[in-house]
Structures are given as structure tokens and as C-alpha cells.
Amino acid sequence: RRQTESEHQKYEKHIASLQAENQLLKERLVQQSQPHPQPQTQTLQRMHVAARPTPARHAPHPTDAADESATRQRAVVDAFCHAWSAYRRHAWGHDELKPISKSYNEWFRLGLTIVDSLDTMWIMGLRDDFNVA
């Protein structure tokens with residue numbers, strides 16, 4: 001009986017900690033659901049990337065949260081475009097790029113990278129690349 005009471009106390013403490021953590025998560029969710037300034041659509045637009053490496057860019061120093069968000073969005077789009085142009089150069093039409101050897105891997109011979117990338121290109125506003133894919 002003594003072990004059962006001790007186990008019960010541990011269980012109650014665990015439940016209390018989970019409830020506290022749940023409350024913190026709810027508060028964060030409420031904070032995140034507050035309206036944020038929307039980035040201008042031009043931050044997600046990019047010219048068609050021919051099969052060439054993406055030039056290195058120095059990110060501007062963000063002055064506020066909106067600038068920081070736009071800078072991060074730009075970095076994500078640039079990273080995707082860099083990977084996509086490497087895929088187009090070295091593995092176009094194949095399932096997977098092997099970046100170190102600059103070759104490709106086949107699993108199903110379906111061009112899986114193309115299929116997998118379509119929704120990402122659409123969300124990022126890369127319509128020209130989407131149409132080519």
C-alpha cells in the first residue's frame with residue numbers, strides 16, 4: 001500500500017507538471033495567433049533560376065520583427081533555389097540528387113524530387129520554376 005501511495009503521488013506531480021506545460025503552450029498559441037504584419041508579396045517572388053548557382057548575398061540588418069521575418073523568408077527561398085538549381089544541373093528527371101558526387105540516385109524512376117518540390121515552389125511563389133517542373 002505504501003508503494004501505491006508513493007506511485008500515486010508521483011503520478012499526481014506528473015499530471016500537475018503536464019497541466020502547467022499545457023497552460024504555457026496555450027498562452028504561446030494565443031500570442032502567436034495575434035495578427036502579424038504581412039510581408040509584401042515581392043519578398044516571396046523570384047525570377048526564374050536558370051541552371052546556375054545562386055550568388056551569395058549579405059543579408060541586411062533587420063531593424064524590426066517584420067524586417068527579420070522578411071530576411072528569414074528570403075534566406076529560405078534562396079536556399080531552396082540553390083538546391084533546386086543543383087538538382088536541375090546534375091539530376092534532372094531522376095529521383096534524388098547526390099550533392100557531393102554531383103550525381104543522382106534512382107528509387108522508382110519517377111523524378112520524385114520534382115513531385116516533392118511542386119508544393120514548395122507554389123507556396124514560395126516560384127511560378128516559373130513550378131511551370132518548368
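This passage walks through the overall build of the protein, then its salt bridges, its aromatic side chains and a patch on its surface.

The model is a predicted one. It has four helices and two strands, and reading from the N terminus the order of these elements is α-α-β-β-α-α. There are 133 residues, and buried ones make up 17% of them.

Next come the charged side chains. Side chains of opposite charge can pair when their charged atoms come close. A search of the whole structure turns up three such salt bridges. One of them joins Arg 72 and Glu 68, at 2.7 Å from N to O. These two sit four residues apart in helix H2 (residues 65–90), so about one helical turn separates them. Arg 72 is exposed, at 55% relative accessibility, while Glu 68 is partly exposed at 33%.

Helix H2 also holds the pair Arg 74 and Asp 78, again four residues apart, or about one turn of the helix. Their closest N and O atoms are 3.3 Å apart. Here Arg 74 counts as partly exposed, with 23% relative accessibility, and Asp 78 counts as buried, with 13%.

Then there is the salt bridge between Arg 88 and Asp 129, whose closest N and O atoms lie 3.9 Å apart. This pair ties together distant parts of the chain: Arg 88 belongs to helix H2 and Asp 129 to helix H4 (residues 127–132), 41 residues apart. Arg 88 is partly exposed at 21% relative accessibility.

Trp 92 is itself part of an aromatic cluster with Phe 80, Trp 84 and Tyr 87. Across the whole structure, the search finds five aromatic pairs. Elsewhere, Arg 127 lies over the face of Trp 122, at 3.8 Å from the ring centre.

Finally, the surface. Trp 107, Phe 108 and Leu 110 make a nonpolar patch of about 410 Å². Phe 108 is found in the loop between strand E2 (103–105) and helix H3 (112–124), and it is exposed, with a relative accessible area of 56%.

Notes
Residues are numbered from 1 along each chain as its sequence is written. This is a predicted model: local features need pLDDT of at least 70, side-chain atom pairs count only at pLDDT 80 or more; totals for chains, interfaces and linings use all residues. Side-chain values use heavy atoms; hydrogens and water are left out. Patches are made of residues with over 30% relative accessible area and no salt bridge: like charges are joined within 9 Å, nonpolar side chains (Val, Leu, Ile, Met, Phe, Trp, Tyr) within 5 Å. Accessible areas come from the Shrake-Rupley method with a 1.4 Å probe; for residues, only the protein chains shown count as cover. A salt bridge is a side-chain nitrogen of Lys or Arg within 4 Å of a carboxyl oxygen of Asp or Glu. Buried means under 20% relative accessible area, exposed over 50%, partly exposed in between (1.4 Å probe, protein chains only). Rings of Phe, Tyr and Trp (its six-membered ring) pair if their centres lie within 6.5 Å; planes under 30 degrees apart count as stacked, over 60 as edge-to-face and the rest as tilted. A charge sits over a ring if NZ of Lys or CZ of Arg is within 6 Å of the ring centre and within 35 degrees of the ring normal.
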